[in-house]
Amino acid sequence: MTTLTGTRLASLLDRLFAEADEASAETDSAVADLTSEERARLMRSKTGYPDLYERLKNVPLAVSRETGTLLYMLARGAKARNVVEFGTSFGISTLHLAAALRDNGGGRLITTEFEPSKVARARENLMAGGLIDLVEIRQGDALQTLKAGLPETIDLLLLDGAKALYPDVLSLMEMRLRPGVFIVADDADVNPDYLARVRSAKQGYLSTPFGGDVEVSIRLI
Ligand SMILES: C[S@@+](CC[C@H](N)C(=O)[O-])C[C@H]1O[C@@H](n2cnc3c(N)ncnc32)[C@H](O)[C@@H]1O
């Protein structure tokens with residue numbers, strides 16, 4: 001038995017994923033007044049993302065079940081002790097990563113979210129899952145909250161906040177990523193600059209798209 005598959009967390013995740021499925025209509029209606037071009041512009045913009053996520057503050061926008069399981073597996077395989085997550089939302093991915101830390105014997109997960117009501121929900125979910133002791137939720141913009149106070153080395157990085165900021169957040173973390181560390185980026189196809197960087201051996205990465213919407217990369221140097 002693992003923490004991920006134990007009754008307490010498995011039943012919580014069943015409920016949260018069911019709620020995430022039910023929220024898809026609300027997610028669509030939150031951006032229904034925008035044209036597809038405006039939506040794409042906001043997704044790619046380094047200044048428009050607060051407006052976009054303000055509209056989406058009541059919906060979970062969670063990783064898929066498969067991505068959640070992948071995160072748990074990668075963190076277990078890497079024997080991760082220090083994990084950083086960009087984009088907490090309701091904490092569904094956070095629960096998977098924290099479960100891996102628990103099963104690795106402990107550790108620290110730093111996650112960041114700028115929407116206060118989402119921070120509160122994530123905290124509630126992590127308490128319900130019995131994992132809050134492993135998680136530090138930093139409220140605010142990742143470009144500020146992840147600037148300092150990080151462990152010397154990071155064993156796994158999840159990028160799941162504003163897609164336009166993936167290269168900037170990677171840069172903030174890069175000196176702490178040792179060879180062999182996994183970087184998982186959800187919906188990374190929105191950001192061609194990010195993909196070009198992590199798909200470049202010259203820039204120190206090997207990378208592949210996985211499951212259609214996730215980019216899994218490894219640090220080489
Ligand atoms: C796709 S959701 C994260 C889903 C979460 N990883 C999960 O699977 O449960 C992205 C979240 O990142 C937050 N976010 C976006 N840009 C951010 C930023 N620059 N700093 C902090 N949080 C940000 C949004 O408010 C949103 O809740």
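Helix H7, residues 116-128, has 13 residues, and at 1.5 Å a residue it should span 18 Å; its end C-alpha atoms are 19 Å apart, which agrees. The expected span here is 1.5 Å times one less than the number of residues. Helices (H or I, at least four residues) and strands (E, at least two) are DSSP runs, numbered from the N terminus.

This is a predicted model: local features need pLDDT of at least 70, side-chain atom pairs count only at pLDDT 80 or more, and totals for chains, interfaces and linings use all residues. Residues are numbered from 1 along each chain as its sequence is written, and side-chain values use heavy atoms, with hydrogens and water left out.

Back to H7. Its buried residues are Lys 118, Val 119, Ala 122, Asn 125 and Leu 126. They cover an arc of only 130° around the axis, which puts them on the same side of H7; the arc is that of the directions from the helix axis to the C-beta atoms. Buried means under 20% relative accessible area, exposed over 50%, partly exposed in between, with a 1.4 Å probe and protein chains only.

What do the buried residues of H7 pack against? Helix H1 (7-22), helix H6 (92-103), strand S2 (108-113) and strand S3 (135-139). On the face turned away from the buried side sit the exposed residues Glu 124 and Met 127. Just after H7, Gly 130 has a positive phi of about 70°.

Now the whole chain. There are 10 helices and seven strands, and 52% of the 221 residues are buried. Along its principal axes, the C-alpha trace spans about 45 × 45 × 30 Å.

Definitions and conventions:
Contact = heavy atoms within 4.5 Å.
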